Amino acid sequence: MAKNLVIVESPTKAKTIKKFLGRNYEVIASEGHVRDLPKSSLGIDKDQDFEPHYITIRGKGDLVSTLRKAVKKSDYVYLATDPDREGEAISYHLSVALKLEDKKYKRITFNEITQKAVKESLKNARAVDMSLVDAQQARRIVDRLVGYEISPLLWDKIGKRGLSAGRVQSVTLKMISDREAEIERFIPDEYWTIDVMLAVPGQKKPAAFRYQGTIGNQEEAEKICEAIKKADFTVAEVKNSKRTKKGPQPFTTSTLQQTAASKINFATAKTMRVAQQLYEGVEIKGQGTIGLITYLRTDSTRISDEADAAARSYIEENYGKDFVSADKPASSDKSKNIQDAHEAIRPTDVSRTPASLKGTISNDQYKLYKLIYERFLASRMTPAVYDTFAVTVEAGEHRFRASTSSVAFPGFLNVYNTEEDTEDKNAYNFNGIEKGDKLKLEDTEKKQHFTEPPAHYTEASLVRAMEENGIGRPSTYAPTISTLLNRRYVTKEQKNLYITELGSVVNTIMVTAFPEIVDIDFTANMETLLDSIGDGNVNWKVVVRNFYPDLEKEIKNAADSLSKVKIADEKTDEICELCGANMVIKYGAHGKFLACPNFPDCRNTKPYFEKIGVACPNCGKDLVKKASKKGRTFYGCIGFPECDYMSWARPVSKKCPNCGGLLFIKGKKLVCGDPSCNYTEQLQEKDD
């Protein structure tokens, strides 16, 4: 009979650890939390200093009984849940649920699931860190107060159950909404570029030189083109230099999510799911279950001395001494928001190459492991060195410039690179050019451009913005984005995130009634306070006591002052062809639709199209407001599919005085839809 019981979170983790320990150890999974606040009620006694009321999670009763029996048979219990606040809280609740007060028990943590790390953790067993438990508890209670107190208000004011607000969720929604508004307000500015194609000695094809200066309109561009036709193109300056680029730092949770999105097209939730599998253990043929990476929730780029030495030794053996970095890369920014408890995300064994695992793990696991492995190896390699050439030519008073670069020494590029690191195969060879040389003009190309609005958030750029602003923590980025998508507050098209009509309504209520909850600085300061609890510097109840009174006041004011938002049940002139009733407007996951008011006796529904009083420029029929399959608003012809005209910007009935084309609302201005016209005017209230 095993004398020692080790309790972990997941069955996979239990299987991985079991093989490291002898017959004296039994390893059982708690399958996450066993106790939590009740779902059916607030579970917080506000009159008793916010004392939480925890219950055994529904469906976990039998598991708790099994664990209690295992505890009774054991002499010693080790709580080996994940090495973070959440894991610490799970260990604490296990100690309560399993009545370990009178039992010999300790807390153990390890950053990677390897034999050495697990056995080392047993030597360094400790008590449960109640400061970390309190930090998780404070976060949970503040989030519960925000969610459970504000969400019913949204149900009442919008008339739709299932809506929710959240401390991190709501401020993130506002960030997306603010970006949408910024894009809507954007007025493009015209500019022109001029490229001259000049014959270069030794080159088969002419090289493109870009005009150095600002060109605001076509008239200016044509004037310059005319001036340089008869001018001599003389080399004014030649710069030949070397440029170095350092290898990247190893992954944090945030940078892993961002890079996985751009390089292997993983959504944030998928990245975390696959990384969890790699951390807990993957079945390797002939080796059993192996933990392939270190803990996946971290915002540190620190690497252990042992792992650093192993990587450098591997690089020297496989690539050569010249490829080993002389110094350790700079550690992560020690700002107030950085939690340096864990290492960066890295492979547990640098000798376990991605190639050796291909075919033995799933394709998704292989892609993510390869990304983590190569990034870690690159962080310990020498910088890449580039030879760069920049040539400036003069044509009268006008200057043009061309530059090119080539890799002189690949360094870390041998294992890891991005698109901008890739050598240009069409780079020009300027070796023979000297100052004073005359170059022959082969061709001139002028192009019109317009400045671009800020880009829509993608999951990757939103994670970066959340991290930069101190919104949430590594463990909350992916769940927050998933919640916004699942609630239909935000929709994703291609990789871009767009706020839906429902999301806009919810955000308006939050901004109006709960300005602090959606204030970035307030949310970031709250994160810092919650971190201070974990450091043992602040009492968790002090934070909650100071937070709740303002929230309570805002909820009471909002309940009295906010008007109900009518998104649904608006009667229309559309007649239900099944029962003859006037159909009403309802709001679903993808926006408005028409439904029979006699539901459930009559279940007739059809698309809702709001006419905007503008004729289609293609066929003359009405343009209507529509929603895409994912909930984004656009304006299209009611004659679809016979006519497929559509626009993301709202057109107005007023015509462009210059060209007679459609005008569109862009922020506080009307903008002509024809880029070559470039007409704009101030938006008036009567413009619709």
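**View 1. Arg380 and Asp308, two buried residues of the predicted model, joined by a salt bridge.** Both Arg380 and Asp308 are buried (under 20% relative accessible area; exposed is over 50% and partly exposed lies in between, with a 1.4 Å probe and protein chains only). Their side chains form a salt bridge (a side-chain nitrogen of Lys or Arg within 4 Å of a carboxyl oxygen of Asp or Glu), in which the closest N and O atoms are 2.7 Å apart. Arg380 lies in the loop between α12 (363-379) and β14 (384-395), whereas Asp308 belongs to helix α10; the pair, 72 residues apart, links distant parts of the chain. Helices (H or I, at least four residues) and strands (E, at least two) are DSSP runs, numbered from the N terminus. The model is predicted: local features need pLDDT of at least 70 and side-chain atom pairs count only at pLDDT 80 or more, while totals for chains, interfaces and linings use all residues. Residues are numbered from 1 along each chain as its sequence is written, and side-chain values use heavy atoms, with hydrogens and water left out.

**View 2. The salt bridge between Glu527 and Arg167.** The closest N and O atoms of this pair are 3.2 Å apart. Glu527 is in helix α16 (residues 520-534) and Arg167 in helix α6 (residues 167-185), so that parts of the chain 360 residues apart are linked. Glu527 is buried, at a relative accessible area of 0%, and Arg167 also counts as buried, at 5%.

**View 3. A network of salt bridges with shared partners.** Arg85, Arg139, Asp143, Arg167, Arg473, Glu527 and Asp531 are joined into one network. The count of salt bridges comes to 37.

**View 4. The salt bridge between Glu306 and Lys116.** The two side chains meet with an N to O distance of 2.7 Å. Glu306 in helix α10 (residues 305-319) and Lys116 in helix α4 (residues 115-123) are 190 residues apart, and the pair links distant parts of the chain. Lys116 counts as exposed, at 53% relative accessibility.

**View 5. An open sheet of four antiparallel strands.** The strand order is β23-β24-β25-β26, where two strands pair if DSSP finds at least two bridges between them. β23 (610-615) and β26 (646-647) stand at the edges; each has a single partner strand, so one side of each is left without a neighbour in the sheet. Strands β24 (residues 622-627) and β25 (residues 633-637) run antiparallel and are joined by five bridges. Lys626 stands opposite Phe634 in β25.
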